[in-house]
Structure formats: structure tokens, C-alpha cells
Amino acid sequence: MKKRVLFLMSDTGGGHRAAAEAIQESLVRRYPNDVDVALVDVFRDYTPFPFRNFPELYPWLVNHGKSSWGASFKLTNTRQRAKILTSTMYMTAESGLKQMLRDHPADVVVSVHSLLTHIAMRAMLSLQKRPPFVVVVTDLVSTHYFWYDRRADRTLLPTQIAFERGLKAGLDPNKMRVTGLPVHPRFTDALTDKATARAALGWHPTLPTILLVGGGDGMGPVYKIARAIDERGLQCQLVIVCGRNATLKAQADTALWNQPTHIYGFVSDMPRLMAGSDVIATKAGPATISEACIAGLPMLLYDAIPGQEEGNVDFVIENNAGVYITQPRAAAETVEAWLSEGETYLRWRSANARRAARPDAAWQIADELWDQAQRPLIAADRRKKLTLKDMAEQIGIEL
């Protein structure tokens, strides 16, 4: 009988679904005839207003209220406050979560979203017997307490810093493991050597190549950085990925450039673009950083979500894999400095990025899930439910 794996995710940003799909592909490749995988957008499909609107609200909140988002992240990032908030959320979403478990019986349940960890665990404890519960942390460094639940059977983490935060949250170290952040196997499959990638893309075969990306929606100061580099008249070529941003693409297409410049809209061959490049300018998203490390690309990070991605910047800098520079002119100066150091230093920076990579993360996680799926169902710990008043009293609040 096939083993059933249930992924709990939500399309609040692209990283959660991407992580689940990376692990799913690894599972299906490793155990092609023995596994069934289901991905569920829990907020959209099984929670009431306002939670069901999170996939639409998240990008607006992050793009239009960064400082408020960062303040909220830090304010709620304590064990007690995280518990209060998620318990309140559970009270609102309880019936839908229990229906989800009835709709998707599984041999192992996997959370790849921080806000789902506690509420999914609570719902599973309502069962007389439950499957093993695994948390795959998809934030790279700055992990919120929402991620950590001591009742989880396994917590798989992207970095040692995230592991140490789990210890601080009270998790058993024997139930945690650093695996890295899962990157889709198709990414590593498609990586080629630089010469092959450039020939396939029609780029200049030897010019140092700067890749500028703004995510699928082409956000950020991509055009301003490209123009700042262009003004310096460097011996290089630029690659600008505009994503779905039609305005950015039209702007780049109609500009005059001082060096070979290749302009793309939304692309599906990012591994090849990374393989053919020498430097990438990007925001500090965990998935892009992980992919850049696998591709051996030193990074110019130009933006980071406050709180949530600040640790990602530290990770890149501490590994000598890149810098954080928010001003286009300073970014151009850095590119000029790196190119003036010569090919030897570019290779050194590339090696630093590659040393920080964990290209086998998705495979390691798939094997962990397969092992958990072999376990028998677990008798749930049916403890007394805490009321909101009980939880408030635990942290010294009188209602």
C-alpha cells in the first residue's frame, strides 16, 4: 500500500509551495511506486475569514508596510506570545482543520509554514491516533517561534542558527536535524557549466556576467541598479530578469546600454541563467539565496523583509558569499570593485557561496519523511485544553 504524505502550506509568498514541491519531487523520484503526496493550502481551503485571505494579504503587507511587518515580527517573536496567537487562531479555525484531517488521511503530515505548525498539531491531538508530524522550516535564519512545537515528532532545519533557536524554544535536540533548505531537484538537474549555459543563451562567452532579478513579479530597484552599473562603462554583460513586471521590461527594452545587455520577462530556466552568470543581484529571499549558493553565485543583496529576512543577510555576509547594499550607486561600485579584482577573486567568492550550499536538502528531507511514514499511528496526548484565560495567566496578563 502506498504511503500518504500530506503537506500543509499556503501561498503566502512563493517559498512554502516551492519547498513542498521540491520535497514532493524528491519523494516521487526516490519512491516512485510507493508514495502519494497531497499539497493543501490550509488558509485558503480550510480556515474562515480573515485567515483564508492571507495568500492575497501577505504580499500587500510586505510590499506596502515593511516597517510595520518587521515590528510585528519582532513583537510576536517570543514563546509565550506565539503560543497565545496560534491558540487564538486555532479556536477560530478548529472545525476546518479537523475537516482537513478527515479529507486527507495520511501516514505522515508535514508543515512547511510557520503559522500552521501549532494549529495543525492541535488538530491532530484531537484524534485518538495520529500520524507522525514533521515540521520543515522554510525560513533560512531568522526563524520565528511560530515554527517550533515541542510535540512535533521531527523538526528539520535549514541552518545551525535555526537549530540553536529550536533549542532555545525547548525542543529536544534528538528530534531536530539540520538538512538545509529544500531546492527543487530540477534546479540542480539543469545546472551546467558556464560555457555551455552561455552558448545556449546566446550570451558573450567570456565577459563577466551580472544577473539582476526581482523575483517573479520583478519588484525592487533592479532597473536602477542596472543603470548605475551601465553608467560605469564596465567590461561586462548584464542580464535583467523583469518577471511579470511589464513596465520594467518595457523600460529595459527601450533603454540604451553601454554593454551587452540581455533582457527577459518571466523565465522558467533560472538554473541556466544562474549557471551562466558570475554575480547575482537579488533580494534576500531564502530560496534565491539557497539556489545562488548551489550555483556558486556571489550575491549583491539589495533588500530584505525586516525581521524575517535580516538573518539571511548575516548568513550571506558571514560566509563571505556576498554583501548587503541598498543604494544602486553603491551596488555598482561593488560590482566594479569585484570585477577589478580579477577572475581569481570571482572564483574565490563563487567557492565561498558554494561552500554554504546544501544541494541534497530535498533528498535528505524526503528520506526523513519516508522513515516517519513507516511508523505506526501515535496515540494522541489528550491533555486538557487551555482556554484563552489560562494562556493569558501563564504570561501574567489579567483578562
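Lys2 is partly exposed, at 37% relative accessibility (buried means under 20% relative accessible area, exposed over 50%, partly exposed in between, with a 1.4 Å probe and protein chains only). The model is predicted, with local features needing pLDDT of at least 70, side-chain atom pairs counted only at pLDDT 80 or more, and totals for chains, interfaces and linings using all residues. Residues are numbered from 1 along each chain as its sequence is written, and side-chain values use heavy atoms, with hydrogens and water left out.

Lys2 pairs with Asp36 in a salt bridge, with 3.8 Å between the closest N and O atoms. A salt bridge is a side-chain nitrogen of Lys or Arg within 4 Å of a carboxyl oxygen of Asp or Glu. Asp36 lies in strand β2 (residues 35-41) and Lys2 in the segment before β1 (3-9), so the pair ties together parts that are 34 residues apart in sequence. Helices (H or I, at least four residues) and strands (E, at least two) are DSSP runs, numbered from the N terminus. Asp36 is partly exposed, at 38% relative accessible area.

The whole structure holds 25 salt bridges. One of them joins Glu25 to Arg29, at 2.8 Å from N to O. These two residues sit four apart in helix α1 (residues 15-30), about one helical turn. Glu25 is partly exposed, at 23% relative accessibility. Arg29 is partly exposed too, at 34%. A network of salt bridges links Asp11, Arg17, Glu21, Asp41 and Arg44.

Arg154 and Glu368 form a further salt bridge, at 3.1 Å from N to O. Arg154 belongs to strand β6 (residues 154-157) and Glu368 to helix α17 (residues 361-373), so the contact ties together parts that are 214 residues apart in sequence. Both residues are buried.

Arg154 also lines the largest cavity, together with Asp149, Arg150, Ala152, Thr155, Leu171, Asp172 and Lys175. On a 1 Å grid over the protein atoms alone, a cavity is a set of points where a 1.4 Å probe fits but cannot get out, and lining residues have an atom within 4 Å of a point. The structure holds one cavity of 30 Å³ or more. The space in the largest cavity is about 30 Å³. Grid points are joined across faces, edges and corners, and a volume is the space filled by probe spheres set on the points. The lining comprises five charged residues, two nonpolar and one polar (Ala, Val, Leu, Ile, Met, Phe, Trp, Tyr, Cys and Pro count as nonpolar, Asp, Glu, Lys and Arg as charged, and the others, Gly among them, as polar).

Technical notes: 1 Å grid on protein atoms, 1.4 Å probe; cavity = no way out; pocket = protein on both sides within 12 Å on 5 of 7 lines; lining within 4 Å.
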